[in-house]
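Open the model in your viewer and keep the selection panel at hand. This tour goes stop by stop: what to select, then what is there.

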Amino acid sequence: MAQVFGEFTEDFADRSEFLVLGFSPSSLPIQLRWRTNGLSADFLGDYVRNFFPGDTSADISKQDEIRAAVSFIANELLENSMKYSDENAGQPINLEVHLFSDRLTFVSKNSVNQLAIANFQSYLQEITTNEPSEMYISQVEKSAISDEIENSGLGYLTMLMDYEAILGWKFDQAQNNPHVTIVTTMVQLPL
């Protein structure tokens, strides 16, 4: 049975364009794949930017804002997907961007290690019920004190604070293996 946190929808009826990138879990070790995350994120930023007019300086400024937001969000989603994917599950990592008239929607899908699910869901409960600005300040302070904080959650908090993104997650069993959990992360970026 699926568990949902935050705002999550699967209604893509009114999208106009979309692009899906898929990454094979066995093609490259994560250390080598890590270097391509930024390239993939920048590609998505450039791709989406082309759907907005660029006739005036205000239009060009809007294009640049959209490109930067798409690149940041895509990079964060890819990094999280790669970092927390269950390498033994053999499941691909997908990143999608959907263009709607009023928003961009990002969807990332990856397997997640069974041992990490409880902590991740606890964090998601916290991020969806608490004030993001307070959590952001707290996490920045923790990160400044200790270099050992690997799971800071600052990427999600930055999406909330800087881009007014709407976040949601769904946990479900893999269709081809009931022992594998797939997490789908959704980021909706209002335009």
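**Stop 1: Ala-74**

Select Ala-74, which is buried, with a relative accessible area of 0%. Keep in mind that this is a predicted model. The helix that holds Ala-74 is H2, residues 57–84. Now show what surrounds Ala-74. Leaving out residues up to four places away in sequence, Ala-74 touches Ala-41, Leu-44, Leu-95 and Phe-106. For a distance check, draw a line from Ala-74 to Glu-7. Their C-alpha atoms are 18 Å apart in space, and 67 residues separate them in sequence.

**Stop 2: Tyr-47**

Move to helix H1, where Tyr-47 is found. Buried or exposed, or in between: which is Tyr-47? Tyr-47 is partly exposed, because its relative accessible area of 22% falls between the 20% limit for buried and the 50% limit for exposed. Show its contacts beyond four places in sequence: Glu-17, Phe-18 and Leu-19. Take Leu-19 from that set.

**Stop 3: the cavity**

Stay with Tyr-47, one of the residues that line the largest cavity. How many cavities of 30 Å³ or more does a search of the whole structure find? The search finds one. The volume of the largest cavity is about 30 Å³. Select its lining: Glu-17, Phe-18, Tyr-47, Val-48, Phe-51, Val-97, His-98, Leu-99 and Leu-104. Colour by element next. Strand E2 (17–23), helix H1 (30–49) and strand E3 each give two or more residues to this lining. The largest share, three residues, comes from E3. Then colour by class: seven lining residues are nonpolar, one is polar and one is charged.

**Stop 4: the second largest pocket**

Now select strands E3 (93–99), E4 (103–112), E5 (166–174) and E6 (177–190), the elements that give two or more residues to the lining of the second largest pocket. The space in this pocket is about 400 Å³. Its lining has 20 residues, and the closest to its centre are Lys-109, Lys-170, Gln-175, Ile-182 and Thr-184. Which strand gives the largest share of the lining? E5 does, with four residues. By class, the lining has seven nonpolar, eight polar and five charged residues.

**Stop 5: helix H3**

Select H3, a helix of 13 residues. From first C-alpha to last, H3 reaches 18 Å, close to the 18 Å expected at 1.5 Å a residue. Show its buried residues: Ile-117, Phe-120, Gln-121, Tyr-123, Leu-124 and Ile-127. Why do they sit on the same side of H3? They cover an arc of only 160° around the axis, which puts them there. The general rule is that an α-helix has 3.6 residues a turn, so residues three or four places apart point the same way.

Turn the view to the face of H3 away from the buried side. There you find the exposed residues Ala-118, Asn-119 and Thr-129. The buried residues of H3 pack against strand E1 (3–6), E4, H4, H5, E5 and E6.

**Stop 6: helix H4**

One of those partners comes next: H4. Select residues 132–145. At 1.5 Å a residue, the 14 residues of H4 should span 20 Å, and the end C-alpha atoms are 20 Å apart, which agrees. The buried residues here are Pro-132, Met-135 and Gln-139. Their arc around the axis is only 60°, which puts them on the same side of H4. On the other side of H4, look for the exposed residues Glu-134, Ala-144 and Ile-145. The buried residues of H4 pack against helix H3 (117–129) and helix H5 (154–163).

**Stop 7: Glu-164**

What is particular about phi of Glu-164? Phi is near 50°, a positive value in a residue other than glycine. Show the surface here. Glu-164 is exposed, with a relative accessible area of 61%.

Methods. Residues numbered from 1 in each chain as written. Predicted model: local features only at pLDDT ≥ 70, side-chain atom pairs only at ≥ 80, totals over all residues. Heavy atoms only, no water. 1 Å grid on protein atoms, 1.4 Å probe; cavity = no way out; pocket = protein on both sides within 12 Å on 5 of 7 lines; lining within 4 Å. Points joined across faces, edges and corners; volume = space filled by probe spheres on them. Nonpolar A, V, L, I, M, F, W, Y, C, P; charged D, E, K, R; others polar. Expected span 1.5 Å × (residues − 1). Buried < 20%, exposed > 50% of the residue type's maximum accessible area, 1.4 Å probe, protein only. Arc of directions from axis to C-beta. Contact = heavy atoms within 4.5 Å.
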